[in-house]
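This report covers the sheet, the helices packed on it and the contact between domains.

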Amino acid sequence: MKAGVVGIGRALPDKVVTNADFEARGLDTTDDWIVRRTGIRERHHLEPEDQAGALATEAAREALADAGLGADELDHIIVTTITPDWITPGLAPRVADDLGVGAGAVDLNGACAGFVYALDHASALIEAGRASAVLVVSCDILSRITDFEDRSTAVLFGDGAGAAILTGGEFARGVAAAELGSDYQVDQLNAPIGGFLGMNGRSVYTNAVDRMAQATRAVLEREGLTVDDLDLFVAHQANQRILDATAAQLGVPAEKLVSNVDRVANTSSASIPLALRDAESDGRLEPGMLVGLAAFGAGYVWGATVIGWKEDRA
Ligand SMILES: CC(C)(COP(=O)(O)OP(=O)(O)OC[C@H]1O[C@@H](n2cnc3c(N)ncnc32)[C@H](O)[C@@H]1OP(=O)(O)O)[C@@H](O)C(=O)NCCC(=O)NCCS
């Protein structure tokens, strides 16, 4: 029995904030600087009165419909977030309630790497026979912890939610056990309780590239694969330079590198499922493809895995 991804969904807030909007607000920045240094052109922001939980549920519903699964078939719900609506309760019980089910529901804080960690946990539950269908929702509202007076961080982040459904089956590849790691560097990237996200951009940049590349190499080697076997590579959408440098270190050609960072910016843990969903709707991701995933975030924490996309259950 393997675990496989059988459905994907996304939700983005309606409000779009362009680089020009930051200029118009008087922030000391330019569209040219932001595009050159990050590749970001616009991002979505949730209105302050709106709830992350509603966005997470919207993504979950789309993933369930995509999988052709009823919410009552879910055994377990994991929501990854660093920006829940309440310190407690988490977003997951809210999503379960919105879906009208009482399944096990828990939040996981894996910062920008949350989705890869949650995929690993969900797959382990399925492989161990403890669950047959698991919903993973990654939902982050970084606008809530962004200092919009600080140009070095204000332009980098966006809000969004992405969701995936995993079920058990005799999949050809399924979801490979992830290569996960951590290295406690709280001074380099953090958000204090009640405060704003701050970081040493250079250190984050270098570590993100090196750790995502190392973890990807490790999982490929363990699975008896090479970079050439991958049909697509979806890394955490921090910014275009990080994506390009990681791909270059691994030897992933540009046509296999997925990027939607120009449209959504860095959406923390939501970034990988959003990129998968966009790659699919752009016609770049098809059933049976082999996809490499790599993520990195505050901790530092990181992870990489390889998945077969919507494979036949056989
Ligand atoms: C943030 C990042 C884009 C900055 O790029 P960089 O090339 O390293 O730029 P620097 O930090 O060296 O700053 C260069 C100059 O641009 C300025 N600058 C920073 N943000 C700016 C902005 N939005 N607009 C204009 N200028 C800006 C800096 O103040 C600095 O000015 P100075 O030379 O007068 O001091 C880059 O470090 C990065 O991608 N880091 C990782 C960020 C990230 O993705 N974090 C989350 C990961 S999960």
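Into which domains is the chain divided? It is divided into domain 1 (2-169) and domain 2 (179-308), with bounds that come from an automatic or database domain assignment. The model is predicted: local features need pLDDT of at least 70, side-chain atom pairs count only at pLDDT 80 or more, and totals for chains, interfaces and linings use all residues. Residues are numbered from 1 along each chain as its sequence is written.

**Sheet**

An open sheet of mixed pairing contains five strands in the order β1-β7-β6-β4-β5. Strands (E, at least two residues) and helices (H or I, at least four) are DSSP runs numbered from the N terminus; two strands pair if DSSP finds at least two bridges between them. Because β1 (2-11) and β5 (104-108) each have a single partner strand, one side of each is left without a neighbour in the sheet. β1 pairs with β7 (residues 159-169) in the antiparallel sense over nine bridges, and Ala11 has Ala161 as its bridge partner in β7.

**Helices across the sheet**

Contact means C-beta atoms, placed from the backbone, within 7 Å. Axes are lines fitted to C-alpha atoms, for helices over the stretch in contact, and angles run from 0 to 180 degrees between N-to-C directions.

| Helix | Lies across | Angle |
|---|---|---|
| α5 (residues 114-127) | β1, β4 (76-80), β5, β6 (133-141), β7 | about 165° to β6 |
| α10 (residues 271-281) | β1, β6, β7 | about 85° to β1 |

The C-alpha centres of domain 1 and domain 2 are 15 Å apart. Domain 1 gives 45 residues to the contact and domain 2 gives 41 residues. Elements that each supply at least two residues of the domain 1 side include β1, α5, β6 and β7.

Notes: Contact = placed C-beta atoms within 7 Å.
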